[in-house]
Structures are given as structure tokens and as C-alpha cells.
Amino acid sequence: MSKTELGQKYAYDLDIAVIGGGAAGLAAAVSAGREMPQGAKLAVFDAQPRCGKKLLATGNGRCNLTNRHAGPSDYHADDTRAVSQVFSGVNVDDTLAFFESLGLVWREEDEGRIYPACGQASAVLDLLRLELLRLQIAEVCGCRVESIKLDTDGRYLLRSPLGTIRTKYVIEACGGMAAPNLGGVNWGYELLRSLGHTATKLHPSLAPIPVSSPHLGSLKGIRAHAKASICNERGAIASDEGEVQFGDKALSGIVIFQLSSAAAPVIGRGGELCVELDMLPELDFDGIVTLLTKRRAILPHLTLENYLTGVFNKRVGMCLLKQAGMTPLSRSVSELSDGDIRRIASVVKCWRFPVSGAAAWNNAQVTSGGVRLSEFDGLTMQSRLHKGLFAAGELLNADGRCGGFNLQWAWSTGILAGRSAAEMLRSDKNK
Ligand SMILES: Cc1cc2nc3c(=O)[nH]c(=O)nc-3n(C[C@H](O)[C@H](O)[C@H](O)COP(=O)(O)OP(=O)(O)OC[C@H]3O[C@@H](n4cnc5c(N)ncnc54)[C@H](O)[C@@H]3O)c2cc1C
């Protein structure tokens, strides 16, 4: 006899429950809703008062939806085969077709970054939600799923403040720990752990890197072009070139975010780690010495304060000279020795900022680490431990670079999970 027959009431009795109404959960709900049999019941549950809070903040409010070049090799994950399977199921073109079918017009910008043509992240969220409305899929907000367990009949029972939700299939898309102010939580990991899944260590990624330097105070807010490398005692772990932003106690900017992604597990673990900035990557050491020697010849009337004005931002130039030990800067340029010039060139080529601690979750865009991807089938996103349990998005142990790669992961896995759950439902109905 079923519990319903025994008179026990469920707050919701569903075919598919999506936990988490972020990018992955909404994509999963739309794709499931479009393909599930008529009359099937699906609802999305989100702990926040509204779905898609983080989505609204993406791309500085413009939503860097995906990247033209996104592919399996762009992700750090424990199971690279599963990442390839995910992309064989839903790639960038499939994702763009999905959004076009919702009514989105998009535009490609630098380095393959794709944005809504209207420049509004809210348009992406609106179109997903309008499709849910058309498909008559309920969004249940302010409803945190607190626990999950398997009933004896193979259905899932989800505990929530509204009461117990009973469902045949579950798609978990609870996101990760990044940006707690936008809804980042560890609840998704706990739910899956309670069902026997395991997660790797979690680290903030795509975040400013905290560094110590006596110069940061005077550089705050300045942006400069540089080649940045994150290095340990053995050498560079990762490098990238572009705009670096100097912060109060951290280095920031897309280039630094990329380094934080490449080195997320080692940042904050202790040990010698530093960020090295090559402030003139287009010149080698001898080229910089030649440049500086020429400046000494043509600018002997200046004080050191302005020796590098015209090469770098003035404050950056002064800090480089101080770092090279050229104080006081009231000295005349003509007093520089060849040795001084070589010391300045060394700092320009390799300006070292010791890493002072772990990146902060508050400023991170994504979680490095997560529930082991190897425990899910990359073709369907179904758990290898439990039939009818699916996972998608940042919750899983796969994270990518800045530039649309992380949303692409959320869309691909979300669409796949939704499609697979709907297919299973169809085949159940045909039995
Ligand atoms: C400031 C910022 C800017 C970003 N910009 C970009 C960008 O431009 N391009 C890009 O590719 N990536 C970007 N990212 C990363 C991207 O936003 C995430 O990778 C993506 O949102 C992950 O989607 P998700 O659905 O897995 O998780 P989320 O979007 O975090 O959604 C998870 C949802 O689940 C809900 N939830 C969690 N646990 C429960 C529970 N137990 N019960 C009910 N609900 C629950 C949460 O409230 C949340 O709404 C950015 C991130 C940040 C923080």
C-alpha cells in the first residue's frame, strides 16, 4: 500500500523535482519540461526568494553566456572523459540553439565571449522563466531542500519547510560555495553526501589573489598591462597576459582570475607562492636595459620620480623604482649607474608579490572542486549510485576559466540532466 493510500500527505508529489533554480537548474527544468510526457509533474525549488540571483550578476550584469571556443579541455575535473561526454551531448552550438529557441539574440565579442545582444543578464533569466511559465512548471522559491532520502519504493523524499516533497526523479543543481552573497552554499554537497556520493576539497576560484607588498596601498585601483605568473619554488604554475588590477591587499582582474583558477588547490595551502608580474612582456631583459639606458641619456634633467613616466602609470613607475631600491626618488636620473639600470630592469621583468593567504569565497566566481564527476554518467548526468538521481552545474567537480566557460558547463549539464530525466520518464510510461 502506498503512503498516499495510507493518508500521508506530501507537500508535492512529482515526477521530477529540480533542486536549485540557478543556471543549471533552470536549463534542466526547461529541457525536461519540453520533453517529458504530457501530464508529468515537475517543479523547481530554490532556497532564495527568487530564482537566478547569481545569473543576474554574471558578466557584470551582461551575462557572458558562453564562449565560442569552450570545449572539454577548458575544464579542471576529476573525470575528463565525462567532461568530453557532456560536450558530445550538448556543446556550444547546441546551447546557442537552445537559447535561440527561447527567443535570445546573442552577440560574439573578444576571445569568443558570447553575450545577449541586449546586454542584459536579466533577459536570459526572463526568457528561461517565461518558458517555465509556458510549460506550466512551478518555481517554488524560499524553499530550501534540507534533506533527501530514498523511500522503499525507489522514490525520493525531500524534506523542506513546506513539508515533504515526493518525487520519482531528482535533478540536483544546488551550485557551489562561490559568492555566498549571491546564494553560494554547501548544501548541495551535503545532500549528495547523504546519499553516498563524495566530494573533493573545495577552493575559491576566479577570485582576486591576496598578496603582500608595501606598495599596494599607493597602487589601489590602478590597472596595468602585464604578463602575470603564479609561481612556487619550482617555477611558474600558470601564466596569462592582460590587464592586472592592483587592489588594497590583493591583485585582481581577469588575468589574475585565470591564475587563481589554474592554481586554486595550491593557493592558501601554505608554502612559498608568489605572483610575478612582467611589466613589459614585449621586451626581453636586454631590451629593457637598452630602453632604460636610452632614457637615462635623453632625460638626465629629470628626477627619478619621473624616470618611468611615459612607460608606466606614474605611480606604478615610482613603485617599481622603490622595489629596485632606488630611493630617494629625488635623485637625478643622470646619477643612475649601469648596475642600477640592470636592477630596475630585473624588477620590471619580474615584480614579485608573495601570496599572503587563500582567496575569499565572497569574491570568487566559481568553486574549484565538488562532487566527483566520475560518480555520474557524463552522457546522462545520472548518478552511478542511484537510479533517477541527476546532478548538474557548479556542484560537480568541474570548473573552467573566466570567459563564459562556467555558465556553459551549467547549461550543458543542466540540459543533459533534464533531457535524460524526461527520457526515463517517457520510457517508464511506455512500459
Ligand atoms: C559575480 C559572478 C559573475 C559571474 N559571471 C560569469 C559569467 O559572466 N560567465 C560565466 O560563465 N560564469 C560566470 N560566473 C559563474 C556562474 O555564475 C556559475 O558558474 C553558475 O551560476 C553556476 O550555475 P549553477 O546553476 O550550478 O549554480 P547557481 O547559479 O549558484 O544556482 C544554484 C541555486 O541553487 C539554490 N540552492 C542551493 N541549495 C539549495 C537547496 N538545498 N534547496 C533549494 N535551493 C538550493 C541556490 O539558492 C541557487 O539559486 C559568475 C559568478 C559570479 C559569482
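Which way does α1 pass α5, in a left-handed or a right-handed crossing? Hi everyone, let's work through that. The structure here is a predicted model, where local features need pLDDT of at least 70, side-chain atom pairs count only at pLDDT 80 or more, and totals for chains, interfaces and linings use all residues. Residues are numbered from 1 along each chain as its sequence is written.

So, α1 passes α5 in a left-handed crossing. Left-handed says the near helix is turned anticlockwise from the far one by less than a right angle, and right-handed says clockwise. Helices are DSSP runs of H or I with at least four residues, strands are E runs of at least two, and numbering goes from the N terminus. The axes of α1 and α5 (residues 121-134) come within 10 Å and cross at roughly 35°. Axes are lines fitted to C-alpha atoms, for helices over the stretch in contact, and angles run from 0 to 180 degrees between N-to-C directions. From α1, Leu26, Ala29, Val30 and Gly33 make the contact, and α5 brings Leu128, Glu131 and Leu132. In contact says that C-beta atoms, placed from the backbone, lie within 7 Å.

Now the other pair. The axes of α9 (residues 285-298) and α11 (residues 338-349) come within 9 Å, crossing at roughly 130°. That makes α9 oblique to α11, because angles under 35 degrees count as roughly parallel, over 145 as roughly antiparallel, 65 to 115 as roughly perpendicular, and the rest as oblique. This crossing of α9 past α11 is right-handed. Among the contact residues are Phe285 and Leu292 of α9 and Ile341 and Val348 of α11.

Methods:
Contact = placed C-beta atoms within 7 Å.
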